[in-house]
Amino acid sequence: MVLKNTDQSPSWTVENSSELYGLDRWGKGYFCINEKGNIAVSPKGSSSKAHDLMQLLNELESRKLKFPLLIRFDDILEECLIDLHKAFKNAINNYEYQGKYQGVFPIKCNQQRHVVEELVTCGAQWHFGLEAGSKAELLIALSILEDPKALLICNGYKDQRYIETAILARKLGRQPVVVIEQASDIELIIKSSILIGASPLIGIRAKLSSQSSGRWSDSIGDKSKFGLTIPEILTTIKKLKKANLLNELKLLHFHLGSQINDIGILKDALQEAGQIYVELINLGAPMGYLDVGGGLGIDYDGSQTASTASTNYSLQNYANDVVATIKECCESNKIQVPTLITESGRAVASHFSILVFNILGKNSLPSDIPRKEEKECLSVKNLRETLGHINNLENEEKQDLAKLQEAWNDALKFKADALAAFRLGYVDLIERAKAEQLTWACAKKIVNQLPKDILLPEELKKLSESLAGTYYANLSVFRSAPDTWAIDQVFPIMPIHRLNEEPNQLGHFADLTCDSDGKLDQFIDNGKVKNLLALHEFKPDDKYLIGLFLGGAYQEVMGNLHNLFGSTNAVHIRLTNKGKYKVEHVIRGNTKSDVLEYLEHDPEHLLERLRISSESAIQAGHLKIHDAQKLMEHVETSLRQSTYLQD
Ligand SMILES: *Cc1c(COP(=O)(O)O)cnc(C)c1O
């Protein structure tokens, strides 16, 4: 006997889901939906074998890896790195550029050891290097990057020890380039070079006048923290010359800020930087490298527009513009073209991780129809009548918006009547509850009848929003998706299963923190942002899993311990061609003990104090020994466990 799956609306297909969530527009072929209605992951893009994500998650769960779970697909990370190099290779071939491309990864984008190691290993064939923005990041780079041909770009605030470390690393056979980002850096470089009797490779970061339009536009221009103005550059050159260090000046650097959404801005900046590069050569510096910084953007919503969640250019456009502009500039000045460097973080590290969280529950307005009783107050009777009227409208051939609107106005009026009667003491709590339930039942009926394809009047649109449910997510956005809170960044978010079933609910997410900002209520909408996401009916006994995609850059490393929710469990997965996978690394999330210790609370001390308290309560006869034991056990287990909810 074939049981009919009643959840499955026959007309809804996985293609509908794909379109609804824009999967093909932002997934770059890495993600698709399989015939079971699950997200499938293709490590090498759409032509490679797709792996069922739900199956993978089930198996991870049986290894006691609980949600929320961060899954890193190292194959995708590698593929993004390959794509970056392919794009530059194409551009170099097409424009017959007589130089090469040699990128670096900005460590701040994702400092996880396995991630940095993976990039260095995969990038070895191109001598892919690293960019450090602080002393701690320099230490990471020194320990992981051993290739003598790879570059180690040293940015950020520097003290003497930072610079001396870089000089010594050069003696070790590495290629650190100390970038002068502030006028005072030069004095430290001279001092350290004299002290050690050797010098570092030197770069200069220029403050360009070209303005970026993106969210990070303040990182350039006169307001920026870093970079030298043109007069400062000239003074620096003089000082380098005087200290006999001009020969070590090899690199010009600029950084337009992250997520450049408009390619026009990049072109202006490239022209300006190209000219400065030429001038530096004319002033006697050997040069050889032009570092165009980060900023290569990600099309989070797949709209291909210059909006903040998108870019109006492709990776290939970007590489073409860098190569062509610099070539033109050097050619017309008859100088040799430089080796081109990018510090692309976001573009390399966004796609490879998926944050999967489970839904713990759902709250929505009570709209069950209360049982009819003989004696009911007038407003409840009126509301029942209105509901009946709306039900009749459903049977009409064409939905009449004006009639629906009128019915809703009636319902609101009767609800207000019930409220007024309650205030005056004519109606009891039970009747008032009925009036509310019936009002929301009317609302639900109306929303179900609203045509989907036309622009709705504002009031009716709001009505469907107010009916939306809150899905409770086992997650802290402050820990795992801080940019959604801090800068209203939108990421693609969607269920990772049940995608052959029509998502007929509208909802948003509330996280576990007690903060009213702890929510996800901004979703991609093809160039715009919407506040509600189509989701499935939540069934308390079934798992409902949601994925937050493209969050591999910045999110995990910038998250904080709001309400003491710590890091989530994370796994690194390698996929094989035969449809199998291998769990390469498991990184257990913080336990409650970890986060308490981080804030100087001593778990042992905490337990001891509780023990003493229980002892007195036992003496006083308030607590049984058995219960005291149970309390201590709960606390001890809890300290060892993750900070998230577990079943
Ligand atoms: C942040 C930063 C980057 C990385 O930028 P993305 O937009 O992630 O590519 C590169 N270089 C510098 C100097 C940075 O500050």
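1. Let's begin with the ligand: its shell divides into two nonpolar, nine polar and five charged residues. Here Ala, Val, Leu, Ile, Met, Phe, Trp, Tyr, Cys and Pro count as nonpolar, Asp, Glu, Lys and Arg as charged, and the others, Gly among them, as polar. Please keep in mind that this is a predicted model, in which local features need pLDDT of at least 70 and side-chain atom pairs count only at pLDDT 80 or more, while totals for chains, interfaces and linings use all residues. Residues are numbered from 1 along each chain as its sequence is written, and side-chain values use heavy atoms, with hydrogens and water left out.

2. The shell holds 16 residues, and Lys-108, Ser-258, Glu-343, Gly-345 and Tyr-554 are the closest; a residue is near the ligand if one of its heavy atoms lies within 4 Å of it.

3. Polar contacts (pairs of N or O atoms within 3.5 Å) are worth a look on screen. Lys-108 places a polar side-chain atom 2.6 Å from an oxygen atom of the ligand, and a backbone N or O atom of Gly-295 is 3.0 Å from an oxygen atom of the ligand. For Glu-343, a polar side-chain atom sits 2.5 Å from a nitrogen atom of the ligand. The protein buries 92% of the 390 Å² that the ligand exposes when taken alone (Shrake-Rupley areas, 1.4 Å probe).

4. Now the largest pocket, with a volume of about 1500 Å³. On a 1 Å grid over the protein atoms alone, a pocket is an open set of points with protein on both sides within 12 Å along at least five of seven lines, whereas a cavity is a set where a 1.4 Å probe fits but cannot get out; lining residues have an atom within 4 Å of a point. Volumes are the space filled by probe spheres set on the points, which are joined across faces, edges and corners.

5. Of the 36 residues lining this pocket, Val-447, Lys-452, Ser-464, Leu-506 and Leu-532 lie nearest its centre. Among the elements giving two or more residues to the lining are helix H15 (429-449) and helix H16 (458-466); helices (H or I, at least four residues) and strands (E, at least two) are DSSP runs, numbered from the N terminus. The pocket lining has 17 nonpolar, eight polar and eleven charged residues.

6. Two backbone details to check: the peptide bond from Phe-67 to Pro-68 is cis, with omega near -5 degrees, and Leu-550 has a positive phi, near 60 degrees. Leu-550 is in the loop between strand E21 (545-549) and helix H19 (555-558).

How values were computed. Polar contact = N/O pair within 3.5 Å; in protein donor to acceptor, adjacent residues only side chain to side chain.
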